[in-house]
Amino acid sequence: MSADILHDLGPLFLGSRLKRLSDRFQGDATKILREEGLGIQPAQFPLLAAVDRYGSMTVNEAALALGVSQPAVTRTAASLVEAGLLTETRSDRDLRQKALSLSAAGRVLMARAKATLWPRVHAAVTDLCDGLTGPLLDQLAGLEHRLDDRAFAARVQAGPRAGGERPALTIRDYVDDLAEAFYAINAEWIAAMFALEENDRRILSDPRGEILDRGGLILFVEAEGLGVVGTCALMTTSPGCFELTKMAVSERARGLKAGEHLLRAVLARAGTMDIETLYLLTNTACAAAIHLYEKVGFRHDAEIMDRFGRRYARCNVAMRYEP
């Protein structure tokens, strides 16, 4: 057994030992949130959870609910407002303060986290602590030994998912019978965070004429037992230049990795096409999607933003595919 001064001196370094244990959990929490594509940091999650559970609250109210300082809440709130997950309005109860509320994107993120991630975290923590008895220091030692045997992130990722195992995912090509699904899935996603624009309506109402007849591509992902749950398109915008667009996954399929499965299928198909430039337009509020795009090879690009970004009022992020 290797030397461990915090263990050997017990009560003298209790604070340091608790911090070390906290750092282990925080490190794994960062990994879990990244792999789940939630696009936030562990330190931001408690504030989102508090606003989700208790409703709109001021910074002072949030500080009391979290048991932390007001400046700490102010910094965290500012980062979440910038990410598009919280909104600030003047408080009805105290006009001198601003009230924090979940944005549409924040509500989507919390609903997804509670449905697909929290049950696994709860199960992992319950399993990790099961059977620990005796003095606090002995229990801390037991926790550390169990984490040495199997990291917390591994316990969470291996935990039970809502509805059991992930259903099988199948990629389907566009047929006219799926035109309604193409419209409905995209309209659901856009309306949850933004507003349908004229450009959206034109494309969604005529996918064959706007996309397929011009040399583009539309694919769908189907989940076993759920039907078609997601769609994505490649649309020609000029010779050799294609936009990856209208990528959306239904709320009922969140947590199934259907979006990543679909995106990789679209990019594989793009590799067989005569494409010189492949780009996409999005918004910073779509943090999880941006993380996924970065993961598969898209990079932020100012030139693309300048050339194409004005097509949508909601666009403030442009990315180019660089495999």
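Biologist: In the lining of the largest cavity, how many residues are nonpolar, polar and charged?
Modeller: In this model, which is a predicted one, the residues lining the largest cavity divide into 27 nonpolar, 8 polar and 11 charged.

Biologist: And what volume does that largest cavity have?
Modeller: Its volume comes to about 890 Å³, and a search of the whole structure for cavities of 30 Å³ or more finds 1.

Biologist: Which residues lie nearest the centre of the largest cavity?
Modeller: Those are W189, C286, A288, A289 and Y293, out of the 46 residues that line the largest cavity.

Biologist: Which helices and strands each supply at least two residues of that lining?
Modeller: On the helix side there are α2, α6, α9 (179–193), α12 (258–270) and α13 (287–296), and they are joined by the strands β7 and β8 (277–282).

Biologist: Let's stay with α12 for a moment; is E260, in that helix, buried or exposed?
Modeller: E260, which has its place in helix α12, is buried, because its relative accessible area is 17% and the cut-off for buried is under 20%.

Biologist: What does E260 touch, leaving aside residues up to four places away in sequence?
Modeller: With those set aside, E260 is in contact with L292 and K295.

Biologist: Now over to β7; where is K246 found, and what is its phi?
Modeller: K246 is found in strand β7, which covers residues 241–249, and its phi is positive, at about 50°, although K246 is not a glycine.

Biologist: Why does K246 count as buried?
Modeller: K246 counts as buried because its relative accessibility is 5%, and the cut-off is under 20%.

Biologist: Switching to pockets, what is the volume of the largest one?
Modeller: The largest pocket has a volume of about 390 Å³, and of the 14 residues that line it, those closest to its centre are A29, F45, L117, W118 and V121.

Biologist: Which elements each supply at least two residues of the pocket lining?
Modeller: Three helices do so, namely α2 (14–36), α3 and α6 (104–129), and the largest share, 5 residues, comes from α2.

Biologist: How many of the residues lining the largest pocket are nonpolar, polar or charged?
Modeller: That lining holds 12 nonpolar residues and 2 polar ones, with no charged residues in it.

Biologist: You mentioned α3; which strands does that helix lie across?
Modeller: Helix α3, made of residues 45–54, lies across β1, β2 and β3, and it runs at about 90° to β3.

Biologist: In what order do those strands come in their sheet?
Modeller: The 3 strands form an open sheet in the order β1-β3-β2, with antiparallel pairing. β1 (57–58) and β2 (86–90) stand at the edges, and each has a single partner strand, so one side of each is left without a neighbour in the sheet.

Biologist: Over how many bridges do β1 and β3 pair?
Modeller: β1 and β3, the latter being residues 98–102, pair in the antiparallel sense over 2 bridges, and M57 stands opposite L100 in β3.

Biologist: One last topic: where does S79 sit, and how far is S79 from D148?
Modeller: S79 has its place in helix α5, residues 70–82, and at 27% relative accessibility S79 counts as partly exposed. S79 and D148 are 69 residues apart in sequence, and from C-alpha to C-alpha they are 33 Å apart in space.

Notes. Residues are numbered from 1 along each chain as its sequence is written. This is a predicted model: local features need pLDDT of at least 70, side-chain atom pairs count only at pLDDT 80 or more; totals for chains, interfaces and linings use all residues. Side-chain values use heavy atoms; hydrogens and water are left out. Two strands pair if DSSP finds at least two bridges between them. Helices (H or I, at least four residues) and strands (E, at least two) are DSSP runs, numbered from the N terminus. Contact means heavy atoms within 4.5 Å. Axes are lines fitted to C-alpha atoms, for helices over the stretch in contact, and angles run from 0 to 180 degrees between N-to-C directions. On a 1 Å grid over the protein atoms alone, a cavity is a set of points where a 1.4 Å probe fits but cannot get out, and a pocket is an open set with protein on both sides within 12 Å along at least five of seven lines; lining residues have an atom within 4 Å of a point. Grid points are joined across faces, edges and corners, and a volume is the space filled by probe spheres set on the points. Ala, Val, Leu, Ile, Met, Phe, Trp, Tyr, Cys and Pro count as nonpolar, Asp, Glu, Lys and Arg as charged, and the others, Gly among them, as polar. Buried means under 20% relative accessible area, exposed over 50%, partly exposed in between (1.4 Å probe, protein chains only).
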